[in-house]
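Dear colleague,

Please find below the structure that I am handing over to you. My findings follow directly after it.

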Amino acid sequence: MTRLIQRWNILTTLATVLLAFLALGTSSALAQASNAGTITGSVVDAQGGLIPNTTIILMDPETKTTRTTVTSKEGQFVLSNVQPGTYNITAATPGFATDNIAGLVVSVGTQTTANFKMSVGAANQTIEVQASNADIQTMNATTGTTVDAALVESLPAIGRDVATFTTMQPGTTPGGNVAGTTVDQTTFMLDG
């Protein structure tokens, strides 16, 4: 009878440990999902020299909320967990004209690049640059696209099946392979 109780205790301990490992694995998998984007960039002078300790201000023109960071000693900065939207971003440092990028678009799960090339000038002098969508993804190997609801509504497929729409994205084969991967290495997520 004691032996049976000992075996029962061992089995319940093993089951508890197994459930703990499963719970940890699930939480780390959920933590990988992202509903925000990242902005990275660098600040250089007219000759290409890096400018450290530059104040970077990200402003949402609709809500007038701001986020501030400072460039590293290599003149680089990262703003993570930026909600999707259109922003104005400014770089300011003493001895240089303030540089501004208007209309910087941040999408879900992407890295947006905002590089500044500052010229010598007074702090009250502002140089404005329009944002371009020629971003290079260097933070990770993911390829993603955010699709507007109007595009989904205008799908040519019968029943507007989003799965067929994914094959129309750049870098996707008719078989569902994305950027040279196999089908089992591809994930499509639909929100809403």
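Residues 24 or more positions apart make up 55% of the contacts in the protein chain that have a separation of 6 or more. Please note that this is a predicted model.

The protein chain contains three helices and nine strands. Along the sequence, these elements follow the order α-β-β-β-β-β-β-β-β-β-α-α.

Of the 192 residues in the protein chain, 25% are counted as buried. The accessible surface amounts to about 13000 Å², and carbon and sulfur atoms contribute 59% of this area.

Which residues have the most contacts inside the largest nonpolar core? They are I39, I56, I89 and F116, in a core of 18 residues. Two or more residues of this core come from each of the elements β1 (37-45), β2 (55-59), β4 (76-82), β5 (85-92), β6 (98-106) and β8 (116-118).

As for confidence, the mean pLDDT of the protein chain is 75, and 55% of the residues reach a score of at least 70. Among the elements, β2 has the highest mean pLDDT (94), whereas strand β9 (residues 126-130) has the lowest (60). In residues 27-31 the pLDDT is below 50, and this stretch makes zero contacts in the model beyond near neighbours in sequence.

Yours sincerely,
A colleague

Definitions and conventions:
Residues numbered from 1 in each chain as written. Predicted model: local features only at pLDDT ≥ 70, side-chain atom pairs only at ≥ 80, totals over all residues. Heavy atoms only, no water. Core = buried A, V, L, I, M, F, W, Y, C linked by side-chain atoms within 4.5 Å. Buried < 20%, exposed > 50% of the residue type's maximum accessible area, 1.4 Å probe, protein only. Helix = DSSP H or I, 4+ residues; strand = E, 2+ residues; numbered from the N terminus. Contact = heavy atoms within 4.5 Å. Areas by Shrake-Rupley, 256 points an atom, 1.4 Å probe, with all protein chains shown as cover. pLDDT = per-residue confidence, 0-100.
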